Amino acid sequence: TVGSAKVSGSDSALGYNLGALFQVNQDTRVGVAYRSSINYKLSGDLLVTGPTGAVVQNPGVTAEIQTPDSLSLSGIKKINSEWDVMADISWTGWSKFKELRVVNSSTGATASLTYENWKDTYRFSIGANHHYNEQWTSRIGIAFDQSPVEDQYRTARIPDNDRTWLAFGGKYTASNNSSVD
């Protein structure tokens with residue numbers, strides 16, 4: 001039997017989002033959105049237990065984490081009264097996540113260090129709306145989302161892979177003031 005380690009922590013921090021939507025012409029809109037990176041200094045505990053379940057260590061710990069910023073460019077084009085096409089490309093700045101270092105609050109010694117070395121990624125998507133009438137709209141889309149984790153840095157703690165998403169949806173407009181999407 002092997003012992004285990006559990007890290008828990010919390011913090012609050014602020015970030016911001018900026019966005020703009022441009023009406024290119026009657027049938028085309030283009031949007032841009034930016035989400036800021038957020039810096040956290042987590043404070044919490046590291047619970048280390050031995051093979052018998054006895055507590056070996058339980059120090060207070062900290063970890064500094066910076067979430068990625070992201071930038072998206074999207075568009076929607078009305079083809080005719082029944083069809084719209086939509087597309088999106090998003091960049092995420094995952095390369096900020098170089099390591100996960102957990103530090104003992106009392107001694108300043110590194111309690112745990114995992115090299116992450118993530119890379120920046122892109123997500124590409126395309127989709128369509130089909131307007132059956134003024135009340136009913138159906139949606140379909142597909143997206144490819146790159147993994148920030150390269151094979152040599154993949155761990156069981158954060159297993160990740162490229163993703164392909166297939167999405168379906170719809171909208172029912174009950175009145176000018178209410179709809180279900």
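Trainee: How many aromatic pairs does the count come to by the ring-pairing rule?

Mentor: In this predicted model, the count comes to five aromatic pairs.

Trainee: Why is the pair of tyrosine 122 and phenylalanine 124 called stacked?

Mentor: Planes under 30 degrees apart count as stacked. The planes of tyrosine 122 and phenylalanine 124 stand at 20°, with the ring centres 6.1 Å apart, so the pair is stacked.

Trainee: Why is the pair of tryptophan 136 and tyrosine 172 called tilted?

Mentor: Stacked requires planes under 30 degrees apart and edge-to-face over 60, the rest being tilted. Here the planes are at 45° and the centres 4.6 Å apart, so the pair is tilted.

Trainee: Which parts does this pair tie together?

Mentor: Tryptophan 136 belongs to strand E12 (residues 136–145) and tyrosine 172 to strand E13 (residues 163–175), so the pair ties together parts that are 36 residues apart in sequence. Tryptophan 136, at 45% relative accessibility, counts as partly exposed, as does tyrosine 172 at 28%.

Trainee: What makes Trp94, Phe97 and Trp118 a cluster?

Mentor: Ring pairs link these three residues.

Trainee: Which residues form the largest nonpolar core?

Mentor: Leu46, Val48, Val61, Ala63 and Val102 form this core. Strands E4 (39–49) and E6 (60–66) each supply at least two of its residues. Beyond its neighbours within four places in sequence, valine 61 contacts residues including Val7, Leu42, Leu46 and Val102.

How values were computed:
Residues numbered from 1 in each chain as written. Predicted model: local features only at pLDDT ≥ 70, side-chain atom pairs only at ≥ 80, totals over all residues. Heavy atoms only, no water. Phe/Tyr/Trp six-rings, centres within 6.5 Å; stacked < 30°, edge-to-face > 60°. Helix = DSSP H or I, 4+ residues; strand = E, 2+ residues; numbered from the N terminus. Buried < 20%, exposed > 50% of the residue type's maximum accessible area, 1.4 Å probe, protein only. Core = buried A, V, L, I, M, F, W, Y, C linked by side-chain atoms within 4.5 Å. Contact = heavy atoms within 4.5 Å.
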